[in-house]
Amino acid sequence: MDLSTILKPEAVRVVTAASSKKRLLQEFGDLAESAYGLKAPAVVEALIERESLGPTGVGHGVALPHARFQELQSVVGAFILLEKPVDFNAVDRQPIDIAFALFAPEEAGVEHLKALAKVSRHLREASICAKLRANPDAATLFTILTEDDKVQAA
């Protein structure tokens, strides 16, 4: 599974003014609606519900919020780089500035887990996170996120 198969260029955004975790989740709702046709309020509600089970802030400034939706046919993703980090109740208690949300079909068991593992491995790479933080341009961020796929395919 490649990130380029789950992430559209229009689902990548730099956010300058998310002042809280809830505001970041609302940004994901807007992004999921514009890029994938999901309803923003439903996305926000599903992400908040998932966060109530346990925080998805995985540490080192990275969060991987995710939720399931009946209307989806495949796993899709959205990426946000925050100019100012926000508290996300991460496992290391550090604020986050990199967030990759996954939206999966209700029935996507293994596919959802594979996508989550792929994104998690990708964003555990300090060099990739450093490149993302140094390039606050959506098109460049998309290229950084998906260029590893092209290298492995060659």
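**Close-up views of paired side chains**

**View 1. K8 is partly exposed, with a relative accessible area of 33%.** This view, like the others, comes from a predicted model. The side chain of K8 meets that of E10 in a salt bridge. The distance from N to O is 4.0 Å. E10 is also partly exposed, and its relative accessible area is 46%. Why can such side chains pair? Opposite charges can pair when the charged atoms come close. The whole structure holds six salt bridges.

**View 2. A salt bridge joins E27 and R13.** Their side chains meet at 3.2 Å, N to O. E27 lies in helix α2 (residues 21-36), while R13 lies in strand β1 (residues 7-15), so the pair ties together parts 14 residues apart in sequence. Is E27 buried or exposed? E27 is buried, with a relative accessible area of 11%; the cut-off for buried is under 20%. R13 is partly exposed, at 25% relative accessible area. A further residue, R23, belongs to this picture: R13, R23 and E27 are linked in a network of salt bridges.

**View 3. K131 and E147 form a salt bridge between two helices.** The N to O distance is 3.2 Å. K131 sits in helix α5 (residues 126-134) and E147 in helix α6 (residues 138-153), so the pair ties together parts 16 residues apart in sequence. K131 counts as partly exposed, at 39% relative accessibility. E147 counts as partly exposed too, at 29%.

**View 4. F69 and F103 form an edge-to-face aromatic pair.** The structure has two aromatic pairs, and this is one of them. The ring centres of F69 and F103 lie 5.9 Å apart, with 65 degrees between the planes. The pair links distant parts of the chain. F69 is in strand β4 (residues 66-69) and F103 in strand β6 (residues 96-105), 34 residues apart. F69 is buried, with a relative accessible area of 5%. F103 is buried, with a relative accessible area of 0%.

**View 5. The rings of F79 and F100 also pair edge-to-face.** Why is this pair called edge-to-face? The planes of F79 and F100 stand at 65 degrees, and their centres are 6.2 Å apart; planes over 60 degrees apart count as edge-to-face. F79 lies in strand β5 (residues 76-86) and F100 in strand β6, so the pair ties together parts 21 residues apart in sequence. Both F79 and F100 are buried.

**View 6. The charged end of K21 sits over the ring of F88.** What is the distance from the charged end of K21 to the centre of the F88 ring? That distance is 4.7 Å.

Definitions and conventions:
Residues numbered from 1 in each chain as written. Predicted model: local features only at pLDDT ≥ 70, side-chain atom pairs only at ≥ 80, totals over all residues. Heavy atoms only, no water. Buried < 20%, exposed > 50% of the residue type's maximum accessible area, 1.4 Å probe, protein only. Helix = DSSP H or I, 4+ residues; strand = E, 2+ residues; numbered from the N terminus. Phe/Tyr/Trp six-rings, centres within 6.5 Å; stacked < 30°, edge-to-face > 60°. Lys NZ or Arg CZ within 6 Å of the ring centre and 35° of its normal.
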